[in-house]
Amino acid sequence: MSRIGRKIISIPTGVDIKVDKNRVTAKGPNGTLTQVIDPDMSVEIDGSVLTILRPTEQKRHRSSHGLTRALVSNLITGVSTGFKKELELVGVGYRVSNTGNLLEISIGFSHPIMFYLPDELKVETVTEKGQNPKIVLKGSDKQLLGQVCAKIRAFKKPEPFKGKGIKFAGEILRRKAEKSAGK
């Protein structure tokens, strides 16, 4: 049995779940999200507890059982509390600012990068003296949040020698040794 698939999902107060065939819709304080799941999986709601059940022990059903449970769990967490990711700009002269959902990033290129974020996400830029500039992204959709963070990080990935670039806050980089003197 799938350990993740068997875990129950507790539904917090203020969150409404609706199931139509293979579509799960969650409505809460942070908005409404919909997720299409495998049509073979069944969703059972018993009070404030939601469980995902699989019909058989086929390999296909076993492999999608845990995935379906994780997607529905992320849906419920997103509409109730939301998700948050932080990105750091490591490098001399690297700056970031935002106007609404328009992000302006200066990371050593000849021109600043203008990046417009989807309306579902909220952005905040933090610049403190003596600290690296930070981009704080918040949203209810975990997949969208991760995809946008990956796009921003792809503008300048951290390089392995000095660690300069855009990285996730708390990310541990694998560093390489500098060239040693020859003769």
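Helices (H or I, at least four residues) and strands (E, at least two) are DSSP runs, numbered from the N terminus. This is a predicted model: local features need pLDDT of at least 70, side-chain atom pairs count only at pLDDT 80 or more, and totals for chains, interfaces and linings use all residues. Residues are numbered from 1 along each chain as its sequence is written, and side-chain values use heavy atoms, with hydrogens and water left out.

Figure 1. Along its principal axes the C-alpha trace spans about 65 × 45 × 25 Å. The accessible surface comes to about 11,600 Å², and 51% of it belongs to carbon and sulfur atoms. Accessible areas come from the Shrake-Rupley method with a 1.4 Å probe; for residues, only the protein chains shown count as cover. Of the 183 residues, 36% are buried. Here buried means under 20% relative accessible area, exposed means over 50%, and partly exposed lies in between (1.4 Å probe, protein chains only). Contact means heavy atoms within 4.5 Å. Among contacts with a separation of 6 or more, 50% join residues 24 or more positions apart.

**Figure 2. The largest nonpolar core, 21 residues.** A nonpolar core is a set of buried Ala, Val, Leu, Ile, Met, Phe, Trp, Tyr and Cys residues joined through side-chain atoms within 4.5 Å. Leu-89, Leu-103, Ile-105, Ile-135, Leu-137, Val-148 and Ile-152 have the most contacts inside this core. Strand S7 (83-90), S9, S10, S12 and H3 each give two or more residues to this core. H3 supplies the largest share, five residues. A second, separate core has 16 residues, including Ile-17, Ala-26, Ile-76 and Val-79. In soluble globular proteins, nonpolar side chains tend to be buried together.

**Figure 3. The surroundings of Leu-89.** Neighbours within four places in sequence are left aside. Leu-89 then touches Tyr-94, Arg-95, Val-96, Ile-105 and Ile-107, among others. Its contacts also include Asn-132, Pro-133, Ile-135, Gly-165 and Ile-166.

**Figure 4. Phe-109 in the loop between S9 and strand S10 (113-116).** Phe-109 is partly exposed because its relative accessibility is 39%. Beyond its neighbours within four places in sequence, Phe-109 is in contact with Phe-155 and Lys-156. Tyr-94 is 15 residues from Phe-109 in sequence, and the two are 9.9 Å apart in space, C-alpha to C-alpha.

**Figure 5. A nonpolar surface patch made by Leu-102, Met-114 and Tyr-116.** The patch covers about 310 Å². Patches are made of residues with over 30% relative accessible area and no salt bridge: like charges are joined within 9 Å, nonpolar side chains (Val, Leu, Ile, Met, Phe, Trp, Tyr) within 5 Å. Leu-102 lies in strand S9 (residues 102-106). With a relative accessible area of 31%, Leu-102 is partly exposed.

**Figure 6. Ser-140 in the loop between strand S12 (134-139) and helix H3 (142-154).** Ser-140 counts as buried because its relative accessibility is 13%. Leaving aside neighbours within four places in sequence, Ser-140 contacts Asn-30, Leu-33, Gly-78, Gly-82 and Phe-83.

**Figure 7. The salt bridge between Arg-60 and Asp-40.** A salt bridge is a side-chain nitrogen of Lys or Arg within 4 Å of a carboxyl oxygen of Asp or Glu. A search of the whole structure finds six. In the Arg-60 and Asp-40 pair, the closest N and O atoms are 2.3 Å apart. This pair links distant parts of the chain, 20 residues apart: Arg-60 is in helix H2 (residues 59-80), and Asp-40 is in the loop between strand S4 (31-36) and strand S5 (42-46). Arg-60 is partly exposed at 43% relative accessibility. Asp-40 is partly exposed at 31%.

**Figure 8. The salt bridge between Glu-86 and Lys-134.** The closest N and O atoms are 3.9 Å apart. The pair links distant parts of the chain, with Glu-86 in strand S7 and Lys-134 in strand S12, 48 residues apart. Glu-86 is partly exposed, with a relative accessible area of 26%. Lys-134 is partly exposed at 26% relative accessibility. Elsewhere, salt bridges that share partners join Asp-38, Asp-40 and Arg-60 into one network.
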